[in-house]
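Welcome! Take a moment to look over the sequence and the 3D structure, and then we will walk through them together.

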Amino acid sequence: METKEDETELQEVLNTLKLRKNIIGVGGTGCNIVRKATEVDMHGVGLVAIDVDSTHLETVPIENKYLICKDPTGGFIFSSVGADKEERDTIDEIMEKTDITFLVSGLGGSTGTATAPMVAEIAREHCALIFAICVLPFKVEGAKSGKRAEKALNELEDIADTVVSIKNDRLLETYPELDMVDAFGTLDDLIVRFIKAVIDPITSDEDCKEVLSTLG
Ligand SMILES: Nc1nc2c(ncn2[C@@H]2O[C@H](COP(=O)(O)OP(=O)(O)OP(=O)(O)O)[C@@H](O)[C@H]2O)c(=O)[nH]1
Ligand SMILES: [Mg+2]
């Protein structure tokens, strides 16, 4: 049975404990969602952007950005880009300092599809909880794109604790009046709000306690 002393000790631990959360965006869609997150007060949530496209990365106003390129063995190299390289952590180091990862990505293209599962693997080594939030391609983008997305989605389902997938086709039904760029922006905004809604309730001691008890 838990004594008063145990309870006080636990309370002291919880008071010093802060669950560390990061949103990690991979590929074009992932980086767009991270850019949206910079416009919202996310209460100390870390932001990380990863892409092969350095021009696109430049549009994301955050410190932790990584350019991906293929190495000769077919793997990927993540290199840090941005203002102050000396102080930048590697992706591994960032994951070591993260308790909850929100991995966001569009699937069906090349970058997010290939690298989101890989980033999820790195997160799995260090993080207690991984939420993967994926945008699925439009049907008109073709069967190849759909198959690629499905494969990556299955991989993410094996690695992450929770996977939320959102079909881009729903955008056309929900916002028929919007052009594509505005519709993407609206969905990206909704994803950021969804993450915020998940994060906001787990800032109190009681909620930390609950999360910790479910982690064992
Ligand atoms: N919701 C949303 N979907 C997007 C956005 N940009 C592209 N998409 C869709 O997401 C899927 C993947 O696209 P991207 O994320 O641009 O692809 P990528 O991972 O950067 O891959 P490559 O550019 O091919 O290397 C496609 O189906 C696009 O139609 C965005 O900002 N928001
Ligand atoms: Mg891209």
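Is Lys144 buried or exposed? Lys144 counts as exposed, because it has 10 C-beta neighbours inside 10 Å. For this label, C-beta atoms are placed from the backbone, and a residue is buried if 20 or more other C-beta atoms lie within 10 Å of its own, exposed if 12 or fewer, and partly exposed in between.

Before going on, please note that this is a predicted model, where local features need pLDDT of at least 70 and side-chain atom pairs count only at pLDDT 80 or more, while totals for chains, interfaces and linings use all residues. Residues are numbered from 1 along each chain as its sequence is written, and chains are lettered from A and ligands numbered from 1 in the order in which they are written.

**The chain as a whole**
- The chain has 9 helices and 7 strands; these are DSSP runs (helices are H or I, at least four residues; strands are E, at least two), numbered from the N terminus.
- Of the 216 residues in the chain, 31% are buried.
- Among contacts with a separation of 6 or more, 69% join residues 24 or more positions apart; a contact here means that two C-beta atoms, placed from the backbone, lie within 7 Å.

**Around ligand 1**
- There are 19 residues around ligand 1, and Gly27, Gly28, Gly106, Gly109 and Gly112 come nearest. To be near, a residue needs its C-beta atom, placed from the backbone, within 6 Å of the molecule.
- At least two residues of this shell come from each of helix H2 (27-37), helix H5 (111-126) and helix H8 (180-199).
- H2 gives the most, with 4 residues.
- Sorted by class, the shell has 6 nonpolar, 11 polar and 2 charged residues. Here Ala, Val, Leu, Ile, Met, Phe, Trp, Tyr, Cys and Pro count as nonpolar, Asp, Glu, Lys and Arg as charged, and the others, Gly among them, as polar.

**Helix H2 and its partner**
- H2 is largely enclosed by the rest of the structure, because 10 of its 11 residues are buried. Among the buried ones are Cys31, Ile33 and Arg35.
- The axes of H2 and H5 come within 7 Å and cross at roughly 70°; axes are lines fitted to C-alpha atoms, for helices over the stretch in contact, and angles run from 0 to 180 degrees between N-to-C directions.
- That makes H2 roughly perpendicular to H5, a label for angles from 65 to 115 degrees.
- Where they meet, Gly27, Thr29 and Gly30 in H2 face Thr111, Gly112 and Thr115 in H5. This contact has no nonpolar, 6 polar and no charged residues.

**The nonpolar core**
- The largest nonpolar core has 41 residues, and Leu103, Ala120 and Ala132 have the most contacts inside it. Such a core is a set of buried Ala, Val, Leu, Ile, Met, Phe, Trp, Tyr and Cys residues joined through C-beta atoms within 7 Å.
- Strand S6 (residues 129-136) supplies the largest share of this core, 7 residues.
- Leaving out residues up to four places away in sequence, Leu103 touches several others, including Ile24, Val26, Ala120 and Ala132.

- Lys144 is in helix H6 (residues 143-159). Its C-alpha atom is 9.6 Å from that of Gly109, 35 residues away along the chain.
- Asp41 sits in the loop between H2 and strand S2 (46-51). Asp41 is exposed, with 8 other C-beta atoms within 10 Å.
- Thr186 lies in helix H8 and counts as partly exposed, with 14 C-beta neighbours inside 10 Å.

Definitions and conventions
Parallel < 35°, antiparallel > 145°, perpendicular 65-115°, else oblique.
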